[in-house]
Amino acid sequence: MESELTTMESNLQAWELVPRKPWMHFLPSTWAFCLKRFPNGLVKLFTACFCIHGNRQVEGVDFFETWAAVVQWITIRSMMVLATHMNLMSAPADITAAFVHAPIGPGKHIYVCQPAVFQHDSDLVVKLKKSVYGLRQSPRNFSNYLSDYLGAQGLRPSKPDPCLFVGKSVVVVV
């Protein structure tokens, strides 16, 4: 839990603590714990993820849009066939704390209860600056963030599948 909070507070600056006001609508938060194991059953890693109760969000108040593009299976199959036939290099990638890289957006305010166990002052609440797991709009925010980032690197989304980005010497499927 400490490493998750350090990543979110210091490294990614996902939130700031602000004084609680009576007009604020704030969402509850929780911890999701996961136990990862080796194939032989031995414990490999304990993980903790700070999450928001997105089911308590009110449409039109806490969020407006949630749609995010999802890659089509035909795109994945086509890229695998092309890579095999053309003897191209392909590699998977993983983004640590992916949603937390994406900003909430200007003019949007989401307030959350402080994470259990690590509460500072009880009169303070968390004001999110970045998307967090559990928010209904997090997939859309991350999709927009990643599209903007890839566009800045010179890749453009294809028309048939917006999750396929094409550059001069690279193709990225997200």
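**View 1. Phe99 and Phe142, two buried aromatic residues.** Phe99 and Phe142 are both buried, where buried means under 20% relative accessible area, exposed over 50% and partly exposed in between, with a 1.4 Å probe and protein chains only. The model is predicted: local features need pLDDT of at least 70, side-chain atom pairs count only at pLDDT 80 or more, and totals for chains, interfaces and linings use all residues. Residues are numbered from 1 along each chain as its sequence is written, and side-chain values use heavy atoms, with hydrogens and water left out. Phe99, Phe142, Tyr133 and Tyr145 make up one aromatic cluster.

**View 2. The aromatic pair of Trp15 and Phe50.** Rings of Phe, Tyr and Trp (its six-membered ring) pair if their centres lie within 6.5 Å; planes under 30 degrees apart count as stacked, over 60 as edge-to-face and the rest as tilted. The count by this rule is 6 aromatic pairs. Trp15 and Phe50 form an edge-to-face pair, at 5.3 Å centre to centre and with 65° between the planes. This pair links distant parts of the chain, since Trp15 lies in strand β1 (residues 15-19) and Phe50 in strand β4, 35 residues apart. Helices (H or I, at least four residues) and strands (E, at least two) are DSSP runs, numbered from the N terminus. Trp15 is buried at 8% relative accessibility, and Phe50 is buried at 0%.

**View 3. The largest nonpolar core.** A nonpolar core is a set of buried Ala, Val, Leu, Ile, Met, Phe, Trp, Tyr and Cys residues joined through side-chain atoms within 4.5 Å. The largest one has 19 residues, and Trp15, Phe50 and Leu128 have the most contacts inside it. Two or more residues come from each of α1 (2-11), β4 (43-52) and β6 (124-128). Strand β4 gives the most, with 3 residues. A second, separate core has 8 residues, including Ala98, Ala102, Phe142 and Leu155.

View 4. A disulfide is taken as a pair of cysteine sulfur atoms within 2.5 Å. The search of the whole structure finds 0 disulfides. Cys49 is in no disulfide, and the nearest cysteine sulfur, that of Cys51, is 3.9 Å away. Cys49 is partly exposed, with a relative accessible area of 21%. The sulfur of Cys113 lies 14 Å from the closest cysteine sulfur, in Cys51, which is too far for a bond. Cys113 is also partly exposed, at 24% relative accessibility.
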